[in-house]
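Here is a short briefing on one protein model. Please view the sequence and the structure first, then read on.

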Amino acid sequence: MAMRQTPLTCSGHTRPVVDLAFSDVTPYGFFLISACKDGKPMLRQGDTGDWIGTFLGHKGAVWGATLNQDATKAATAAADFTAKLWDAVSGDELLTLAHKHIVKSVDFTQDSNYLLTGGQDKLLRIYDLNKPEADPEMVSGHTSGIKKALWSSDDRQILSADDKTVRLWDRSTFTEVKAINVAMSVSSMEYVPEGEILVITYGRTIAFHSAETLEQIKSFEAPATINSASLHPEKECLVAGGEDFKLYKYDYNSGEELESYKGHFGPIHCVRFSPDGELYASGSEDGTLRLWQTTVGKTYGLWKCVIPEEEGGELVKPKTSLPGTAEEELEDLGSDNSDPIYSTTPEVQA
């Protein structure tokens, strides 16, 4: 019997949520940052969705957001022609990096010393964060705006995507190693270091490529246009979301659809697994983030499993309960197997 998905709903944003990223697991747990068209990226506790703080300073939509591995720094990419570096503990803005056009993507090296950016001016920029006054190194070659740019292969290579081209670059020489063309506009990319896998979505396709050669490993077709997909850390399954408001979960090995359910009240723009693989987060046009359990019914974070008891010989439907739930918080997503009943909202909004 399929159990009901009971997502945690994170409200607080006032416009569509367009990007999200988790930190690694730190001594303080793991963290989640969201980018939103309201220009106010938010930091949350990754396992509960509890609001920690809002980074204030951008003057336009924020298109990209990321955390360094230990969640001490954050970086954001915005429509105000800047990328910003933040202290993720205090919330203070540390640097503003001026660009010539809208910035879409930011990514830290593993040691947090360099920041890679990409955007509408078609250039990759690499900033040495220890020498903020120095000009960034620039890599040209893309023929349209860059949608995503990621470090790969222990920061020795860079993966970047523009409209319909994905390119692999050598960091030491800034030369293009390989380029592939895809049939439709690239909507998202995720780099999975374990196994060197690149996840690319375009149209209804979720494609898996080698991050070292760009050779395709496999691909799946979804029933709707997909905006984002994420591979589970153990490579058991993948999740994807897109234009039909639904979340899809597939078996990575067989390609079988394991689950699909209405996840949001608008198109889903971003989806990512947590570093421990226990949950995934989705961000939507509806302005919310939702956290979903990878294994429904498991006791984890705010999810507490209630073991079903037999009544009169009939098995009661298993149920996941959440604390602090008021009846009036119940939302009806109009779906059989998604049941959002818990909301984590910032108490003070600047």
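Which strands each supply at least two residues of the lining of the largest pocket? They are S2 (17–22), S6 (62–67), S10 (103–108), S14 (148–152), S18 (186–192), S22 (226–231) and S26 (268–273). The model is predicted.

**Largest pocket**

- The largest pocket holds about 1,000 Å³ of space.
- Its lining counts 38 residues, and the closest to the pocket centre are Phe22, Asp24, Asp107, Tyr191 and Pro193.
- By class, the lining of the largest pocket splits into 17 nonpolar, eleven polar and ten charged residues.
- Strand S14 is among the strands that give at least two residues to this lining; S14 returns below as part of an open sheet.

**Second largest pocket**

- The second largest pocket holds about 510 Å³ of space.
- It is lined by 20 residues, of which Val18, Trp63, Ser187, Asn227 and His269 are the closest to its centre.

**Open sheet**

- Four strands make an open sheet, in the order S14-S15-S16-S17, with antiparallel pairing.
- S14 and S17 (175–181) are the edge strands, and each pairs on one side only.
- On average, neighbouring strands of this sheet are turned by 20 degrees against each other, direction ignored.
- Strand S16 (residues 165–170) runs antiparallel to S17, and six bridges join the two.
- Within this region, Asp170 stands opposite Thr175 of S17.
- In general, the strands of a sheet pair through backbone hydrogen bonds, in parallel or antiparallel fashion.

**Salt bridges**

- How many salt bridges does the structure hold? The count is twelve.
- Glu176 and Arg167 meet through their side chains in a salt bridge, at 2.7 Å from N to O.
- Arg167 counts as buried, because its relative accessible area is 9% and the cut-off is under 20%.
- Glu176 is partly exposed, at 38% relative accessibility.
- Asp162, Arg167 and Glu176 form one network, joined by salt bridges that share partners.
- The side chains of Asp154 and Arg156 also meet in a salt bridge, at 3.8 Å from N to O.
- Are these two partners buried or exposed? Arg156 is exposed at 52% relative accessibility, and Asp154 is exposed with a relative accessible area of 52%.
- Both count as exposed because the cut-off for that class is over 50%.
- Asp128 pairs with Lys131 in a salt bridge, where the closest N and O atoms are 3.9 Å apart.
- Lys131 is partly exposed, because its relative accessibility of 48% falls between the limits of 20% and 50%.

Methods: Residues numbered from 1 in each chain as written. Predicted model: local features only at pLDDT ≥ 70, side-chain atom pairs only at ≥ 80, totals over all residues. Heavy atoms only, no water. 1 Å grid on protein atoms, 1.4 Å probe; cavity = no way out; pocket = protein on both sides within 12 Å on 5 of 7 lines; lining within 4 Å. Points joined across faces, edges and corners; volume = space filled by probe spheres on them. Nonpolar A, V, L, I, M, F, W, Y, C, P; charged D, E, K, R; others polar. Pairing = 2+ DSSP bridges. Axes fitted to C-alpha atoms, helices over the stretch in contact; angles between N-to-C directions. Salt bridge = Lys/Arg side-chain N within 4 Å of Asp/Glu carboxyl O. Buried < 20%, exposed > 50% of the residue type's maximum accessible area, 1.4 Å probe, protein only.
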